[in-house]
Amino acid sequence: MDTPLSTIAVVGLGTMGTGIAEVLALAGREVIGIDISEAAARQAVASLEASTARAVGRGRITEQERADALARFRTHDTLQAAAEAELVIEVVPETYEIKQQVFRELDAVVSPTAILATGTNALSVTRLAAESLHPERVLGLHFFNPAPAMKLVEVVSSVLTAPPAVEAVTKLARELGKEPVAVGDRPGFVADGLLFGYLNQAAAMYEANYASREDIDAAMKLGCGLPMGPLALLDLIGIDTARTVLEAMYAESRDRLHAPAPVLGQLSSAGLTGRKAGRGFYTYEAPGSQTVVPDALTPSAEAATGTGREIASVGVAGSGTMASGIAEVFAKAGYTVVLAARGQEKADLAKSRIAKSLERSVSKGRLTAEARDETLARITAAGSLDAFAEVDLAVEAVAEDLEIKQQLFATLDKVCRPGAVLATTTSSLPVIAIARATGRPEDVIGMHFFNPAPAMKLVEVVRTVLTADDVHATVRAVCTKIRKHPVDCGDRAGFIVNALLFPYLNNAIKMVDEHYATLDDIDAAMKLGGGYPMGPFELLDVVGLDVSLAIEKVLHKEFRDPGLAPAPLLEHLVAAGCLGRKTGRGFREYARR
């Protein structure tokens, strides 16, 4: 198997096969494209011509490089054409029957030293290898869509795979400009193993009518910095494909988080498989289009409006980073703000933190000196909640402890004027339990800002079963005025973002706990293969392992799902005092400041 892999066959010229062929041809490989459909082969050639023409237009390649790449790509309609290939990559439909038939036929065609790679992301590489006369030369080579743009390639070994075959394709991946990650054989591998569980939970959340498709997608984009919302991503991947991957994952794990949400089966059975069909969770301009068009579920502008209460002044309770950030946001938007802490010294310190933040904005040209001064002048630092007597909206941003918040709201109930809206920024506690500490639970609502509040656009608006309609309308209007994007949530653990984010993080920890993949490989897989701004372990160390464990426990207690039980490794690290960046050690070690 010590070959340069200069001639490579790609079996299956759909979107993924064509993308892989383009990557190979541009990298100087002779590419044999094989598809039983002449139309698919013609489309592949046309796609390659169009894609390389765009690359020339953008200055990424020369006209000569384009001509050379096109000359290296030949199409055929029979597997016999793969006879001269040193590597064959199959990307045919995701079924054992079709893929096994391809491997059986290739055995009779290719050289005994040729490497056979499957592009599966859901099926067992070992089971596919067992169908070959030479299982030692079979492995997985999982590219991500779109193959020309995505850097990650998962190199999947079975227990039968010979190490030289793995070394050869790993070297090839690097020569293609990709980042290869070595993984073992289990459905979903690393990236999809984490991604599809998250997508499944989002589909289940939508199916339960907990939140609208628009709010679920906006929450994950704005709250986590993801390039796409989960439901839009399911439409892009193909809802039928996602269901196939989840079925394979569930068959191995028996984890309820991997059991496909019924809505995925319903949509698939109806032919509503996403963009390729023109309709899935969303409706598209035409099959294959990425342009979303309004449908019966699209919220109307009128539905988002309502009669609210007049808000001119805002009280923010707390002295930490979140409280000062929220106070800055309201003051910038023109509200009169009272920032109250436990003692005047803490309140003054919080206001000085705001002054430094505003000064940074001035130095970066984002704010004028005049606007800085006007914003600071709107903020009054107070050493007691008594200063909230006349505010129209009181927002608490104190410690994430139910008893502390209940005591604070009992005080707000006595101090704030009748009709004032009382909001909690809790990210994991039941809002109703906080509201019941007052004699006016109808005035209480959740306003979950994300850190850092001045930069993050998302606010989860959490109404309880007792929250008044005009309070809900008021808070949504306020969010718009302070230039935040409100999403509506019911009062249950995790709301939208944490309910979807933390099971994903917990599953990443389980992968390490089970010695399936390394921290670095998992972080790289999710950044390069999923477009995530941070890998799960980078994010866990930033959030704090103690905070993460607390949220995991809340989710597990609320939903009673064994799959949500905190990973033992997370519990062990917290018990050892390894809490992430703030202690200098979490999943990784950090230099002390």
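Tutor: A cavity is a set of grid points where a 1.4 Å probe fits but cannot get out, and its volume is the space filled by probe spheres set on those points. Please keep in mind that this is a predicted model.

Student: How many cavities of 30 Å³ or more does a search of the whole structure find, and how much space lies in the largest cavity?

Tutor: The search finds one cavity of 30 Å³ or more, and about 40 Å³ of space lies in the largest cavity. Helix H7 (191–207) and helix H18 (497–513) are the elements that each give two or more residues to its lining, and H18 supplies the largest share, four residues.

Student: What makes residues of this lining nonpolar, polar or charged?

Tutor: Tyr and Pro count as nonpolar, whereas Gly counts as polar; among the lining residues are Tyr-198, Pro-503 and Gly-197. The lining as a whole divides into five nonpolar, three polar and no charged residues.

Student: Why is Thr-474 called buried?

Tutor: Buried means under 20% relative accessible area, and Thr-474 has a value of 3%, so the word applies. Thr-474 is found in helix H17 (residues 469–481), and, leaving aside residues up to four places away in sequence, Thr-474 touches Gly-308, Arg-309, Ile-311 and Val-421.

Conventions. Residues are numbered from 1 along each chain as its sequence is written. This is a predicted model: local features need pLDDT of at least 70, side-chain atom pairs count only at pLDDT 80 or more; totals for chains, interfaces and linings use all residues. Side-chain values use heavy atoms; hydrogens and water are left out. On a 1 Å grid over the protein atoms alone, a cavity is a set of points where a 1.4 Å probe fits but cannot get out, and a pocket is an open set with protein on both sides within 12 Å along at least five of seven lines; lining residues have an atom within 4 Å of a point. Buried means under 20% relative accessible area, exposed over 50%, partly exposed in between (1.4 Å probe, protein chains only). Contact means heavy atoms within 4.5 Å.
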